[in-house]
Amino acid sequence: MSVHTLFAPDGALSRHIDGFVARAPQLEMARAVEQAIGAHGRLLVEAGTGTGKTYAYLVPALASGQRIVISTGSKNLQEQLYHRDLPTIIGALDYARPVALLKGRSNYLCLERLHNLMSESHLQKAEVLADLVKVRSWSGTTTTGDVGDIPGLQENAEILAHITSTNDNCLGRDCPYYDDCHLVVARRRAMDAQVVVINHHLFFADLAVKDTGFGELVPEAQVYVFDEAHQLPEIATGYFGKSVSSRSLQDLAQDIQLAYRSEAQDMAQLGKAADRLQIASQDLRLAFGIESGRGNTRDMIKNSYWGQALARLTDALTLCYDVLKLALGRGERLDQCFERVSEIKGRLGEVLALNQTGCSYWFECSRLHFSLNLTPLSVAERFGAEVLRPEVSWIFTSATLTVDGHFAHFASELGLAGSAELVLDSPFDYSAQARLCVPRCLPEPNVFGRAEQLANMMIPLINRTPGGCFFLCTSHQAMRQVSEVLRREAGRTILMQGEDSKSRLLATFVENGHAVLVATASFWEGIDVRGAALSCVIIDKLPFASPDDPLLKARVEDCRLRGGDPFSDIQLPKAVIALKQGVGRLIRDRSDHGVLVICDPRLVNRAYGATFLKSLPAIPRTRELARLGDFFNQIPSQVEDVAC
């Protein structure tokens, strides 16, 4: 049955979904997806907010009768698609084939590691023990093993590293809990399903595994759909490189200790080797300095203090390798730890070789941890070869794929030249529903104390806003400074990213109706707040990547060597797409009204500002903040809605 029939006024969707009326852009996209699937082709679709793109790709994909893998940009979107949108279309089409949800390994409870944690509970911190009670209670009732479902557990809880597995520490078929393993069960369901919903990280993890020739994580399909496809280039680079992290080193040290106590208690040197690895990993983190962030490994390796700490880590790994080699054959855990030490030693050598061309060697530090990375500057060749597989269709869609109306940047990053292209504008009436302000007298982007100045400048607007407000920042430091000022001066509830889980922050924000949520990158996209609860979005400045980012530096230099213009070819397109995502948080429904404030004078006083403005929806613009208050006064129903 054709999509024209399915989307018709008397079609299957209208009969099954109350009030459903196909939108013209939605039907146009569905037809394009249908054609791409029929021709085993590649299709790039930018579908503006409100187009209804989810139904536009789900309907023709399911109607094709082929095996489908749908990949989303985040776990939240993955769950929304699987639990809300997909069941609706399945019901409308009377689709009877099996469907499955599959996440990455770190999302599933590892029964073997939980058992080990319980047996070693007397050695754990108080906060880990408190969370262990929650995990034990939940583990006996869960059917999926998805750790995101554990009631009352923080998203970044320390216990999660102890109760989930990694590629390094999974025992595989040697695990005594293998037949009941939640991850194994989820993968079996996926392999038997006709429709599998995954996320981009899992797709590229699967591609990396297939490159090694050791199996697969995701079943082969005839149709691949990527929603929020603008995230693909950045995610892909992480899976085609190499990395060694302090988390993996410390996890290895803990598992060597466990193997020593359970399988080789007479080998005291094992415990000493594990302690030495733990300390060496911590010492190397200290050698990076107190600041968090990214840097170039080539620069860091010139630091003699850092080099000495690295040498101690290398010696500690070698000691673990030598001692574990003596213990081979005495137990499964010991054998597996030996394999992991061998793997990590090899990877450490690769990320420190510093001699491959077309790669960036960089490090990243958080407060407690570090990672050493080797990342390819481009995945276009590898991914471009993947999408040329015969008899396979590829659909890439997002609200933000183009820059100034063109797909060139996105297509070049993924090797998708020659794909069919379609741009669909949002059906929303932005001229009536929104206003955009770039205020006068803004402080320059790099002025000291800028975040505090902006916060004070925005307080009158925030207090006049009838609903809630997002204050989106381009750095964690700015986020904290803005939050501090608003909590002191604004008469509203101020929520800040990181103080609670993302889902709970959003729930609190929506329930409050008048709150201000101050956040960074993770709230710039994938957030859907409709109605007056979100009436104002403030963006602190244009989201250019930090010029000190080592990966960006390497790409800029590579672009320059190839005769390109790094600013026009790399930096500007990425910033435009990021800004479009932030702007997209404001209007999510035909009945929404709101104001957008972009606090960056470069939008109007630099030539490239026109590229940003032409890539945004056609929102009426002003330079006067006071006029935004007048706009709110014209929407009395919004004030009434919030009061209710």
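Two strands pair if DSSP finds at least two bridges between them. Helices (H or I, at least four residues) and strands (E, at least two) are DSSP runs, numbered from the N terminus. This is a predicted model: local features need pLDDT of at least 70, side-chain atom pairs count only at pLDDT 80 or more, and totals for chains, interfaces and linings use all residues. Residues are numbered from 1 along each chain as its sequence is written, and side-chain values use heavy atoms, without hydrogens and water.

**The sheet**

Strands β13 (residues 469–472) and β15 (residues 516–519) pair in the parallel sense over 4 bridges. C469 has V516 of β15 as its bridge partner. The open sheet has 7 parallel strands, in the order β14-β15-β13-β16-β17-β12-β18. Its edge strands are β14 (494–496) and β18 (621–622).

Contact means heavy atoms within 4.5 Å. Angles run from 0 to 180 degrees between N-to-C directions, and axes are lines fitted to C-alpha atoms, for helices over the stretch in contact.

| Helix | Strands touched | Direction angle |
|---|---|---|
| α21 (residues 476–489) | β13, β14, β15 | about 165 degrees with β14 |
| α24 | β13, β16 (536–539), β17 (594–598) | about 155 degrees with β16 |

**The helix pair**

Helix α24 (residues 566–583) also packs with α23 (residues 550–561), at about 145 degrees, with axes 9 Å apart. Residues in contact include L552 and V556 of α23 and I570 and K574 of α24.

**Helix α6**

In α6 (residues 111–119), E112, R113, L114, N116 and L117 are buried, meaning under 20% relative accessible area with a 1.4 Å probe, protein chains only. They pack against α7 (126–139), α8 (160–163), α12 (246–263) and α16 (332–351).

How values were computed. Buried < 20%, exposed > 50% of the residue type's maximum accessible area, 1.4 Å probe, protein only.
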